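Please open the model in a viewer and follow the selections below in order. Each stop states what to select and what is found there.

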Amino acid sequence: LLNCGVAPFYIFGPFFPDFFVSLSCLFFLYIIFKNQDYQYFNNFYFKFFLLFYVYILLRSFFSNNILLSLESSLFYIRFIIFSLSISYCLNNYKSFYNLFLTSLICVYIFLLFDGYFQFIVGVNFLGFEKEVDYRIGGIFRDELVMGSFLSRTLPLLCALLFVTKISYFKKNIYILILVCVSSFLIFVTGERTAFFNFSLFILIFIFCIRGFNIIKFFIILTIPIVILFAVQKNELVFERMIKHTSNQIGLFSNSSNIVSYHHDQLYLTAYNMFLDNILFGHGPKLFRDICDDSKYYIKDGCNTHPHNTYIQLLAETGLVGFSFIFAIFIYFAYKLTFRLYTNILNYKNNFVDQFENQRYALISLFFINLWPIIPTGSFFNNWLSILYFLPVGFYLFNLNHINNER
């Protein structure tokens, strides 16, 4: 029940889901040590992330601001254990899968209705007005992360639906409706990274998921129409999502920015920090503490984090910490590439293994979360970290199922 509570309470900010994650970890550890059932720690996933955890913990102790750095690293292990607790629940409680899926669907549908209501009426169900004319925040208000939440949970929702006992026809209908309805709302939230993540998932879905050909056909047909409709309905959204983005990256202007002026300044500051300690960086969470130091200072280049996962890791954890996370991205990029290659070779094969489809939907989510060339939140942010590690438990359960079948 604690793990099922993570999704519903996500909409109330970072405190409640983090609270549920912490409680889940404590209960999981209690059960494991009570039953002396240590098999969940005997896998490559746990050992790999434990090594990463030990590294960032040591880096914090040897940083110039130990207490600030430990705020991110000391209890980071809870996210790793949270994944194991999800896997444990899936293996030991038959009702957990459906309970979690139900809770996630309820939250997702509520956010869709709430977001559409705010888009049409101007306020959401709770009376929250739009903080910005061309952005939809819904129940998240000024946080403006609705698009991020939807784009990061849609692949998980599809992955869970793949192996439910409902008919194949109903799966097609449900997933098609979810994708098409989500595409419009994610676009009008004005979150460009979220829409990029959504688009990347759709591409992976089309080329790496087997079966669902009707869905793929209608997705290709309807999503461009949905986007054109959104652009027509709100000129401000068009200005932000299309025109402003094109100008920032220099498509129709002389701009030489990589992403935008502000992002580029942050990247340059982080790069200067990286050059000062190439191997080990300056310590987790310390970008905010030393970005205004004269050694690294770039005009308009100081913030809480540099808004890119890998650039942050290079500045704060050096090549060593960066290598852990980048290796995961390369591994999953290889898995998706190989899947695409085998799908092309076996394009006439009509056999569909829904557990394999689930696995690659989950892989697509890891791949999207770790995609390097987009602005991101802080890698050590609690809210994002839960989204990163939540699907890992389902992935471990999926691998265990497939290995047992073989």
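**First stop: a pocket**

In this predicted model, begin with the second largest pocket, whose volume is about 870 Å³. Its lining comprises 31 residues. Select Tyr45, Val392, Tyr395, Leu396 and Leu399, the lining residues that lie nearest the centre of the second largest pocket.

Next, colour the elements that each give two or more residues to this lining: α3 (44-61), α5, α14 (309-345), α15 (354-369) and α16 (382-405). Which element supplies the largest share of the lining? Helix α16 does, with 8 residues. Colouring the lining of the second largest pocket by class gives 21 nonpolar, 8 polar and 2 charged residues.

**Second stop: a helix pair**

Helix α2 spans residues 15-35 and helix α5 spans residues 77-92. How are the two arranged relative to each other? They pack at an angle of about 65°, with their axes 9 Å apart. Helices α2 and α5 are therefore roughly perpendicular to each other, and their crossing is left-handed.

To display the contact, select the following residues:

- From α2: Asp18, Val21, Ser22, Ser24, Cys25, Phe28, Leu29, Ile31, Ile32 and Asn35.
- From α5: Arg78, Phe79, Ile81, Phe82, Leu84, Ser85 and Tyr88.

Definitions and conventions
Residues are numbered from 1 along each chain as its sequence is written. This is a predicted model: local features need pLDDT of at least 70, side-chain atom pairs count only at pLDDT 80 or more; totals for chains, interfaces and linings use all residues. Side-chain values use heavy atoms; hydrogens and water are left out. Axes are lines fitted to C-alpha atoms, for helices over the stretch in contact, and angles run from 0 to 180 degrees between N-to-C directions. Helices (H or I, at least four residues) and strands (E, at least two) are DSSP runs, numbered from the N terminus. Angles under 35 degrees count as roughly parallel, over 145 as roughly antiparallel, 65 to 115 as roughly perpendicular and the rest as oblique. A crossing is left-handed if the near helix is turned anticlockwise from the far one by less than a right angle, and right-handed if clockwise. Contact means heavy atoms within 4.5 Å. On a 1 Å grid over the protein atoms alone, a cavity is a set of points where a 1.4 Å probe fits but cannot get out, and a pocket is an open set with protein on both sides within 12 Å along at least five of seven lines; lining residues have an atom within 4 Å of a point. Grid points are joined across faces, edges and corners, and a volume is the space filled by probe spheres set on the points. Ala, Val, Leu, Ile, Met, Phe, Trp, Tyr, Cys and Pro count as nonpolar, Asp, Glu, Lys and Arg as charged, and the others, Gly among them, as polar.
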